[in-house]
Amino acid sequence: MKTFVWMSIAAAALTILGCNLDGKYTLGGTLTGLMGQGLVLEDNSGNSLSLSSNGEFVFSGSIGNGDAYSVTVATQPSNPAQTCTVHNGSGTIDKANIVNVLVSCTQPGRFAYVANQGSNDLSAYLINSSTGLLTPIAGSPFASQGTTPVSLTVDPNGLFLYVVDNASNDVSVYSIDNSTGQLAAVGVPAATGTGPLALAVDPTDTFLFVANFGSNSVSAYTIDNSTGLLTELSGSPFAVGSEPTSLKIDPSGNFLYVTNFGSADVSVIAIDVATGTLSAVSGSPFGAGAGALSITFNPAGTFAYVANETAATISEYSVNASTGGLTAVSGSPLATGSSPESLAVNPIGSYLYAANVTSQNDVTAFSIAPTTGALTAVSGSAVGAGTFPINIVLDASGLLAYVANEDSNDISVYTINTTTGTLTPAAGSPFAAGSQPRSIAID
């Protein structure tokens, strides 16, 4: 009897320690976007780790239960120069290994890609990182695999371009030539729900999600990192609100946010980082304005903003990092006097930019209050765009902005004054695109 009791107690102890005999745990995560050399991470200003390739990483040594950890970038990559940022990098060990530290590396944009829904093709450009000048890549425009391409994104490692095809209800995959930026179709497009409009890849480059406007759902896929091909997850598609138009994953990679145009709200969905399975968080959906069309975050993921096209407002929220829940900021929603279509925040989180349609056809800058997230329009910042500016993206450097103008069939490019937040049209802007350019992505 005594032996049995002792063994039971021992077994319980092993369970409490997660089958870890010495009560020590490992610290690791995922690195994406690395192209340069010499990246060094550091934990608690002592334990260093040099990394030379993307993928999973683990620090040497171990950390005791109850001990704090803090991962920082000790040395940024060079050749080419890059900026790497850390998310989920600090906390306290709680009887489990840490596997969700995210390190993302970026550099000034090299290539720009545009989905032209009217001409059923993809424009591709070389970017002059100093001036923003766009030069068509040899072979551009590239024929679309599917019908009516409306949205596109580059995976975090810059290897593949994913394109949502609205009329053929699928996602096409293209490999990106690292030297030239040229595109080559990969495999057969993956089926989606009805009328897909937008897509997003999670920060670990593991999962891809698609908003299906016609079937009020989100399709979910795993990504084969070697081929770029997609496999739909069990249980997909997942139900969301009415007429989902866009989606965004928070910087930590834990939650998926979906703007629902028809129900004027935002669905917030927890992502199982191991399986990609989706589940609605408590309180979801969260109210937005009429015609909720797009969503973006500040770089820290502490504030979120929604463009409400019909209401001509921007909804402002603080984000609960633990639950993913949204709480309206005091004074939200902010009246814009125009119909915002698309939003983007600069890399240091000081300014938000809104592409506005209706009679304005312009881009407006807003300063972001660092403690509350509240927006204030920057006086005199509105700058003209083409006709029906439908999508805005910023270069990772924070020095250039790109806007797809759907009805004037071109791309407006702006240089950004990082002190005042104001935009100035780049020399040669706008640049010709295909028919009805709807979305732009930077690699």
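Guide: Let's begin with a term: two strands count as paired if DSSP finds at least two bridges between them. Bear in mind that this is a predicted model. One of the contacts to look for is Leu27, whose bridge partner in β10 is Ile98. Now turn to β8, residues 83-87: this strand also pairs with β10, but in the antiparallel sense, again over five bridges. There, Thr83 stands opposite Thr106 of β10. While you're looking along strands, remember that in a regular one the side chains alternate between the two faces of the sheet.

On to the rings. The structure holds four aromatic pairs. One of them is Phe207 with Phe209: the ring centres are 6.5 Å apart and the planes sit at 40°, so this pair is tilted. Phe207 and Phe209 are both buried. Another is Tyr257 with Phe297, where the centres are 4.8 Å apart and the planes at 70°; the cut-off for edge-to-face is over 60 degrees, so that is what this pair is. Tyr257 belongs to strand β25 (residues 255-260) and Phe297 to strand β29 (residues 292-297), so the pair ties together parts that are 40 residues apart in sequence.

Note on methods:
Residues are numbered from 1 along each chain as its sequence is written. This is a predicted model: local features need pLDDT of at least 70, side-chain atom pairs count only at pLDDT 80 or more; totals for chains, interfaces and linings use all residues. Side-chain values use heavy atoms; hydrogens and water are left out. Helices (H or I, at least four residues) and strands (E, at least two) are DSSP runs, numbered from the N terminus. Rings of Phe, Tyr and Trp (its six-membered ring) pair if their centres lie within 6.5 Å; planes under 30 degrees apart count as stacked, over 60 as edge-to-face and the rest as tilted. Buried means under 20% relative accessible area, exposed over 50%, partly exposed in between (1.4 Å probe, protein chains only).
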